[in-house]
Amino acid sequence: MYWYVHDINMSLKPDGYMPRLIEKEIEESLRAFGAVSINGPKWCGKTWIGLNISNSAYMMGDTNEYGTSNKDLAETNINIALRGAAPIS
């Protein structure tokens, strides 16, 4: 699982980035549900797509300010994990 609301506020668009067909569907899902999970094989562009189209990201594999994994925090207290900017405007 990769994407939840959090206060990272970035849009990374690398030089030569080619839009993917799935981006419109991901944007619509973000508007409808507020969060999406992007799953797929390594090196297929999941992270670039997510960071390119969203205003915020919550990386489940990262460590948070409490010294635990974001995944553990989300499972323990989803309200803390979901603080921050909306993922898409």
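Setting aside neighbours within four places in sequence, asparagine 70 is in contact (heavy atoms within 4.5 Å) with Tyr58, Met59, Met60, Asp62, Thr63 and Asn64. The structure is a predicted model, in which local features need pLDDT of at least 70 and side-chain atom pairs count only at pLDDT 80 or more, while totals for chains, interfaces and linings use all residues. Residues are numbered from 1 along each chain as its sequence is written, and side-chain values use heavy atoms, with hydrogens and water left out.

Asparagine 70 belongs to helix α3, residues 70–76, where helices are DSSP runs of H or I with at least four residues, and strands are runs of E with at least two, numbered from the N terminus. Asparagine 70 counts as buried because its relative accessibility is 8%, buried meaning under 20% relative accessible area with a 1.4 Å probe and protein chains only. Its C-alpha atom is separated by 7.3 Å from that of alanine 81, 11 residues away along the chain.

Alanine 81 is also one of the 5 residues of a second, separate core, a nonpolar core being a set of buried Ala, Val, Leu, Ile, Met, Phe, Trp, Tyr and Cys residues joined through side-chain atoms within 4.5 Å.

The largest such core has 7 residues, among them Tyr17, Leu30 and Ile53, and helices α1 (23–33) and α2 (46–53) each supply at least two residues of this core.

| Property of the protein chain | Value |
|---|---|
| Helices and strands | 4 helices, 0 strands |
| Buried share of the 89 residues | 31% |
| Contacts joining residues at least 24 apart, among those at least 6 apart in sequence | 73% |

Definitions and conventions:
Buried means under 20% relative accessible area, exposed over 50%, partly exposed in between (1.4 Å probe, protein chains only).
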